[in-house]
Each structure stands twice: as C-alpha cells, then as structure tokens.
Amino acid sequence: LQSDPGSGLPEPHKTTTSAEPVSNRVVESNRSGEKTSPKAEVNVSERGEKWFFVNGIGGEIFWLQLACNKLRAMFSREINWVFNRGDGLLWDLMECAGQRNSYVQNPNTDSTTTNTDVDGVVGGQGNLIDSTASSKEAQEALHKELLKSLHEAHEKQYVIMIAHSQGCLILRRVLEDLITAATKSSTIQKKLQEQLCVFTFGNPSMHWKTQGKHPSVPSGTDGTNLSSHILRTEHFANRRDFVARLGVLSEDSEYGSDEIFINERGDWIGHLFGTQYSFNSDHYQNSHHQHSWLLGCRFGRSLDEARGKLKHL
C-alpha cells in the first residue's frame with residue numbers, strides 16, 4: 001500500500017474531486033435545497049481561511065481522501081490533510097487507549113491523580129504517541145503546518161483544524177507544544193487566541209488540557225484548559241460512539257467550558273468519520289444552548305458569517 005512503512009509519508013495535500021463517496025448518507029441539501037456530495041463539483045472559496053484535517057485509527061490514504069472530500073463538499077473549502085498512517089487496528093486501538101488519559105496512579109495513595117512532574121499541571125503523557133514512528137511523523141507534520149499557517153495568516157485570516165479519533169490525540173499534543181511556544185512569542189499567543197479554531201469528532205481523549213507552561217489567558221478562564229488559548233473549540237460526538245464514550249463523553253472526562261455537541265439520534269451510532277458522523281446542525285444538542293461555528297460554515301458560509309449568526313440568536 002502507498003502508506004506502508006518505508007514508502008514514506010506524503011506531504012500535506014489538498015483535496016481532489018477524483019474519489020468516490022463512501023456512502024450516499026453523506027449527501028445533504030445545501031442552502032438552496034440542492035443536493036451535494038463528495039463526487040459533485042464544488043465552488044470552492046478560500047474565504048480568508050485555511051482548513052486542515054488529520055485522520056484517526058486505521059489510516060489509509062484512500063479513506064483519508066474520501067473524508068476530506070466529504071468536508072470539501074459540505075463546506076466548499078479546500079482541505080489540507082495531514083496523514084496519520086495506521087499501524088493496524090489492534091495497535092492503533094492500543095495506542096488510543098494508552099493516550100486517552102494523562103492521569104497516573106499516585107504511588108503514595110490509592111487514588112488516581114494528575115502527575116505533576118511537568119510544571120505542576122498534567123504530566124506523564126505522550127509515551128505511546130512519542131514512541132510510534134507513524135504518530136510521531138503525523139505529529140511533526142501537523143505541528144509544522146499549523147505553525148507555518150499561523151505565522152503566514154494575516155490578522156483577519158482563520159486557521160481551521162478538524163481532527164477525528166486518534167487524530168484528536170495527535171492534535172492535543174501539537175496544541176500543547178504550540179501553547180508552550182506561545183510563552184516566548186506574543187505573536188503566536190495572539191494568533192492562537194484570535195485566529196485558530198479547533199473541531200474534533202469522536203474524540204477519545206479523557207481531557208483537553210495542557211501539561212506545560214502557558215501564557216496569560218483572558219480573565220475568568222482556566223489556563224490549564226487548551227480551549228482557553230484558542231479562539232474556538234468544539235467537540236462533536238455520537239452518543240452511541242463507543243470511542244467517544246471512553247473519551248469526551250466519559251463521566252470522568254475534563255473539558256472545561258468547551259462546547260460539546262452530542263448527536264442523540266439512534267441512526268447515528270458509529271465512530272467512522274465518513275459515513276457515521278453527520279454535519280446537520282439539527283442532529284446535535286449543546287448543553288450551553290449555543291450553535292456550532294463549524295456547522296454554520298456549511299455550503300460556503302464564511303466563519304465570520306457563522307459567528308455573526310450567533311450574535312443574533
């Protein structure tokens with residue numbers, strides 16, 4: 001296969017219209033009532049935004065391209081993908097299980113507490129992802145692309161980051177590194193807080209926190225939460241997605257004031273991004289009674305339009 005070890009990982013790449021859709025379930029009506037799907041021609045507009053996607057477990061380039069084409073069709077954007085090569089479902093699942101929680105057993109007590117070896121916040125994570133070649137390569141590529149895009153973005157340009165499944169764990173590590181770097185760069189700190197938006201699907205992580213030092217954040221926010229350093233963070237999960245139930249939907253999860261959107265519908269029960277996650281805003285419920293910025297961008301609406309819509313609700 002193109003992504004087998006030793007063949008080399010592809011550079012971050014934009015979507016094409018050559019791949020067929022996984023399923024007709026991804027077909028939805030656009031704002032004019034017309035149907036759209038990954039195989040349809042799409043009028044793409046950059047909209048002063050740069051969009052990225054990193055895939056989850058069992059990564060293969062064909063499926064990654066289909067997922068990006070789905071995003072392209074729904075949002076009328078070119079999607080830059082960063083490939084997280086799979087090492088087989090068994091190892092990928094083991095890696096997810098090992099990285100979804102940063103908490104370790106305190107040797108002096110019977111309770112589970114945070115390891116405070118690093119800056120007194122959250123430590124002891126990254127062992128599996130940092131020791132697996134494919135995940136390290138994906139993490140390095142994503143870090144490089146996000147940092148480059150933030151540096152190049154003008155003050156009114158957004159950087160949109162979408163992750164699924166194991167890709168969420170890789171993204172969490174990259175965000176931690178960027179936030180730590182922001183302690184030495186007010187420019188990066190400002191761009192993170194004003195221009196970077198993060199959206200996850202089927203997130204297996206038990207928390208969304210940073211283990212390192214963090215720059216100043218808006219008053220009234222917890223600096224240990226990754227979302228405190230980012231313009232917008234949204235997490236989407238099917239209620240019956242078993243991976244999400246082990247992570248973002250777990251009773252023990254810690255996500256601060258992040259916006260979590262849950263699909264309670266019985267016919268959306270799986271974990272696969274291509275066929276089992278909806279982009280229909282009516283399918284999701286949010287405990288804060290807010291509307292999604294991401295889903296407000298469907299069919300070519302700009303992020304500024306999506307944010308403007310929120311102000312009038």
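**Notebook: a look through the predicted model**

**Entry 1, Ile-188 and ground rules**

I began with Ile-188, which has its place in helix α5 (residues 186-195); helices (H or I, at least four residues) and strands (E, at least two) are DSSP runs, numbered from the N terminus. I noted that this is a predicted model, in which local features need pLDDT of at least 70 and side-chain atom pairs count only at pLDDT 80 or more, while totals for chains, interfaces and linings use all residues. Residues are numbered from 1 along each chain as its sequence is written, and side-chain values use heavy atoms, with hydrogens and water left out.

Is Ile-188 buried or exposed? I found a relative accessible area of 4%, so Ile-188 is buried, where buried means under 20% relative accessible area, exposed over 50% and partly exposed in between, with a 1.4 Å probe and protein chains only. Leaving aside neighbours within four places in sequence, I listed Leu-147, His-151, Leu-178 and Ala-182 as the residues in contact with Ile-188, contact meaning heavy atoms within 4.5 Å. Leu-178 is 10 residues from Ile-188 in sequence, and their C-alpha atoms are 8.0 Å apart.

I then stepped back and noted 8 helices and 12 strands in the chain. Of its 313 residues, 54% count as buried, and the accessible surface of the chain comes to about 14,200 Å², of which 48% belongs to carbon and sulfur atoms. These areas come from the Shrake-Rupley method with a 1.4 Å probe, and for residues only the protein chains shown count as cover. Among contacts in the chain with a separation of 6 or more, I saw that 76% are between residues 24 or more positions apart.

I looked up pLDDT, which is the predictor's confidence in each residue, from 0 to 100. The chain has a mean of 76, and 66% of its residues reach 70 or more. Where is the confidence lowest, and where is it highest? The lowest is in strand β6 (residues 103-105), at a mean of 41, and the highest is in strand β9 (residues 196-201), at 97. Over residues 17-29 the pLDDT is below 50, and I noted that this stretch has 40 contacts in the model beyond near neighbours in sequence. Residues 103-125 also stay under 50, and for these the model has 43 contacts beyond four places in sequence.

**Entry 4, strands β4 and β5**

I followed strand β5 (residues 79-82), from which Ile-79 and Trp-81 point one way and Asn-80 and Val-82 the other way, all of them buried. I reminded myself that in a regular strand the side chains alternate between the two faces of the sheet. Strand β4 (residues 49-54) pairs with β5 in the parallel sense over 4 bridges, and two strands pair if DSSP finds at least two bridges between them. Opposite Asn-80 in β5 I found Phe-52.

I checked helix α3 (residues 133-152): at 1.5 Å a residue its 20 residues should span 28 Å, and its end C-alpha atoms are 28 Å apart, which agrees. The expected span is 1.5 Å times one less than the number of residues. Buried in α3 are Ser-134, Ser-135, Ala-138, Gln-139, Leu-142, Glu-145, Leu-146, Ser-149 and Leu-150. They cover an arc of only 140° around the axis, which puts them on the same side of α3, the arc being that of the directions from the helix axis to the C-beta atoms. On the other side of α3 I found Glu-140, Lys-144 and Glu-152 exposed.

Ser-76, in the loop between α1 (61-75) and β5, has a positive phi of about 55° although it is not a glycine, and its relative accessible area of 11% makes it buried. Phe-299, in the loop between β12 (284-286) and α8 (303-311), has a positive phi of about 60° without being a glycine, and at 12% relative accessibility it counts as buried.

Asn-225 lies in the loop between β9 and β10 (232-238), and I noted it as buried because its relative accessible area is 6%. Not counting residues up to four places away in sequence, Asn-225 touches Trp-208, Lys-209 and Gly-256.

Last, I turned to Arg-265 in the loop between β11 (259-263) and α7 (273-276), which counts as partly exposed at 41% relative accessibility. Arg-265 touches Asp-282 and His-283, again not counting residues up to four places away in sequence.
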